[in-house]
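Please examine the sequence and the structure shown here before reading on.

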Amino acid sequence: MLDFSLSPEQLDLQKRARRFAKEVVLPAAWHYDEIDELPLWVLKKASDAGIMNSDIPKEYGGAGLGLVEGAIVTEEIAAACPGLATSIFDNSLGFEPIVISGNEHLKKKYLPEIAKNFKQICFATSEPMMGSDVAGLQCRAEKDGDDYILNGTKYWITNSAVADYMTIFATVDIEKKHDGICAFIVEKEWEGVRVGRHIPKLGQRTSNTAGINLTDVRVPSENMLAPPGEGFILAMKTFSRTRPIIGAFAVGAARSAMEYSIDYAKKRKTFGSKLHSYQATQFKLAEMYQRVETSRLLVLKGAWEADSGMDPTITASIGKFYATESAMQVLNDALQIFGGYGYTKMFPVEKLLRDTRLFTIYEGTSEIQRMIVAGYLLSAYEPVMPPIEDVPVLLGADQPFDADGNPSGETAWRCPLCGYVHYGEEQPEECPYCFVTGKGFKKVWPG
Ligand SMILES: Cc1cc2nc3c(=O)[nH]c(=O)nc-3n(C[C@H](O)[C@H](O)[C@H](O)COP(=O)(O)OP(=O)(O)OC[C@H]3O[C@@H](n4cnc5c(N)ncnc54)[C@H](O)[C@@H]3O)c2cc1C
């Protein structure tokens, strides 16, 4: 049975996340956006409220919740402040490679610390010269006895200023591309680790973003998350599980923009009537709701696939680019409904729009998601319909069915080039339309 309803536990979680979003996140959002700072205390409160790190398995001290629950929570937080949603969720991005790596030693060493002792962990594939092309990363990992020595710079790393631990992707050989990539857990306090200045941004200013420089950082082999050749796959598996959450951010932001728009349209008068009375406004609102609902369905399907042990890669990609681009359309329409006020910092839509703009960029741009989906369609997708040359296009046939629907009449042959259908016992000599030889005609009826 297909069931779209949330369980009582999920509804309770949603209620708690909603309360936290309205009581803690919303009042903090504009101040910390203005001063361009991550309020760590909000993360601490989120951790204490049990709405952070929810996907750490129970045996390592976590709540053991699934991605569906993660999506439910993050939609609520992002509805109040997408930047703080990024900051809160970033821990899951950071520890997800540990959870899926199968490395028991690292799971036992780091996951309980993150779950119980409010430790932060960031995730670093990107570099100053490389973001989309993960296989092209250049941070080097050289074997030295039992250890690895890391050298390189990571860039754009969310939460790096507050992170205690870092999931670092590096390569043993740049030339080897995918086959050279490995991953490590690095501790911030280790010698040779430096975090750069906070990068000033258009939006999501309540999240911290900075570079990480690694100079001769000695990492014990036991902190290797993925050996060379397995790091790239680990990064991709991580993204497949975290992209539905980015989609959930977008759903939350779009939902708030829609709600603010409904409220404003009911209050603002132009030409003697309320904005909501105009069909032009109503159509915008209807499309906003359509985008929010369809995005949420896709996001939850990707999360559900992951929780069900299926490979969520394709749904996660479709969900990410659909939900994030839809959210931008919603934000754009919302700002239009607000008119001049929408463009000011004193109304909520301006910040939501700036924050939402990032969603089509991080964790794989919209272009990268399209490349993933197109790659799947062109190589692995299994079509239901027959190849075009086998489609029984019975144009101009003289009674091809008897009274019971069984094939009758003449055999149909289809031209492989122009599609003309010839009827008769044999193929024609040549096609009367495109003159191709009749030998290439394929029998399409009876099947
Ligand atoms: C605020 C913020 C936070 C971030 N947080 C993190 C983090 O925590 N950890 C982390 O590792 N990274 C993080 N990133 C990095 C982010 O993932 C990258 O910015 C993103 O992957 C794009 O990489 P890039 O910026 O190098 O763009 P590029 O890869 O240089 O791409 C530039 C443009 O070209 C397009 N493009 C590239 N290749 C192709 C192609 N083959 N065909 C068509 N179009 C193409 C891209 O889609 C993009 O539009 C963050 C980025 C930002 C801005």
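Which domains does the domain assignment of the protein give? The model is predicted: local features need pLDDT of at least 70, side-chain atom pairs count only at pLDDT 80 or more, and totals for chains, interfaces and linings use all residues. Residues are numbered from 1 along each chain as its sequence is written. The assignment, whose bounds come from an automatic or database source, is tabulated below.

| Domain | Residues |
|---|---|
| domain 1 | 8-119 |
| domain 2 | 122-229 |
| domain 3 | 232-379 |
| domain 4 | 387-447 |

**Domain 1 and domain 3**

The centres of domain 1 and domain 3, taken over C-alpha atoms, are 20 Å apart. Each of the two domains brings 24 residues to their contact (C-beta atoms, placed from the backbone, within 7 Å). On the side of domain 1 that touches domain 3, at least two residues come from each of α1 (8-34), α3 (67-80) and α4 (82-101). Of the elements there, α4 gives the most, with 11 residues. Helices are DSSP runs of H or I with at least four residues, strands are runs of E with at least two, and both are numbered from the N terminus. By class, this side of domain 1 has 13 nonpolar, seven polar and four charged residues. Ala, Val, Leu, Ile, Met, Phe, Trp, Tyr, Cys and Pro count as nonpolar, Asp, Glu, Lys and Arg as charged, and the others, Gly among them, as polar.
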